[in-house]
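Subject: Structure handover

Hello,

Here is the structure you asked about. Please open it and keep it beside this email as you read.

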Amino acid sequence: MHNCRILPISVDDTPEIIRIAETANLSPWSREDLVEELAHVDSFMRKAVTDQPAICGFLVSRFIPSSETATGLDVELYNIGINPHYRRRGIGSALLWALIDRAKRSKAEKIWLDVRRQNDTAISFYEHFGFVETGIRRGFYSHPDDDGVMMMLRTANIPTTV
């Protein structure tokens, strides 16, 4: 992996985040959507940067009330996007580990995500971390149309420090 640092996303990063999301064929977020998400106190948004000033990847997520307990937390992972020039170098893993570590330290019980059913690479990536399929959302995605695979990771058995 490149010398990669994981840092908080700022408003100034939004044009590059959008460009990476478009090249990665992710569901579109506008600049306004990203700025609004940045304003949420419960958001966890990170970028991966190397020695070069460019952003090589990003992660957008939010802490939400637990699906199982009235006082607990879960996490919704909205997007991980990697610049095509930096794929297969561990940057997505570094971003996901940063989220998992924060989830553990925050005592979040589960991390939830949706992934396109046709995206075997992403499904395998998440399964490698212990995510399991919990259901299918028919017609969840558009452009192109696809079902969403709901996946979940229980954080209880993951080490606190990764």
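Below are notes on its pocket, its cavity, its strands, its rings and one aspartate.

The model is predicted, so local features need pLDDT of at least 70 and side-chain atom pairs count only at pLDDT 80 or more, while totals for chains, interfaces and linings use all residues. Residues are numbered from 1 along each chain as its sequence is written, and side-chain values use heavy atoms, without hydrogens or water.

**Pocket**

Start with two terms. Both come from a 1 Å grid over the protein atoms alone. A cavity is a set of points where a 1.4 Å probe fits but cannot get out. A pocket is an open set with protein on both sides within 12 Å along at least five of seven lines. Lining residues have an atom within 4 Å of a point. Grid points are joined across faces, edges and corners, and a volume is the space filled by probe spheres set on the points.

The largest pocket has a volume of about 1100 Å³. It has 35 lining residues, and those closest to its centre are Leu26, Ile80, Asn119, Ala122 and Tyr126. The lining divides into 19 nonpolar, nine polar and seven charged residues. Here Ala, Val, Leu, Ile, Met, Phe, Trp, Tyr, Cys and Pro count as nonpolar, Asp, Glu, Lys and Arg as charged, and the others, Gly among them, as polar.

Helices (H or I, at least four residues) and strands (E, at least two) are DSSP runs, numbered from the N terminus. At least two lining residues come from each of β4 (73-82), α3 (91-105), β5 (108-116), α4 (120-128) and β6 (132-141). β4 supplies the largest share, seven residues.

**Strands**

Two strands pair if DSSP finds at least two bridges between them. β4 and β5 run parallel, joined by five bridges. The chain gets from β4 to β5 through α3, in a right-handed β-α-β crossover. Right-handed means that, with the strands pointing away from the viewer, the path from the first strand over the helix to the second runs clockwise. Leu73 has Ala108 in β5 as its bridge partner.

On to β7 (residues 146-154). This strand runs antiparallel to β5, with seven bridges between them. Ile111 has its bridge partner, Leu153, in β7.

**Cavity**

There is one cavity of 30 Å³ or more. The largest cavity holds about 50 Å³ of space. Among its lining residues are Trp29, Phe58 and Asn79. α1 (14-23) and β3 (55-65) each give two or more residues to this lining. α1 gives the most, three. The lining has seven nonpolar residues, two polar and no charged.

**Rings**

Rings of Phe, Tyr and Trp (its six-membered ring) pair if their centres lie within 6.5 Å; planes under 30 degrees apart count as stacked, over 60 as edge-to-face and the rest as tilted. That rule gives six aromatic pairs. Phe140 and Tyr141 have ring centres 5.0 Å apart and planes at 90°, so they are edge-to-face. Ring pairs also link Trp97, Phe125, Tyr126, Phe129 and Phe131 into a cluster.

At 39%, Phe140 is partly exposed. At 11%, Tyr141 is buried.

**Asp33**

Asp33 sits in helix α2 (residues 31-39). Its relative accessibility is 35%, so Asp33 counts as partly exposed. Asp33 and Asp146 are 113 residues apart in sequence and 22 Å apart in space, C-alpha to C-alpha.

Best wishes

Terms used:
Buried means under 20% relative accessible area, exposed over 50%, partly exposed in between (1.4 Å probe, protein chains only).
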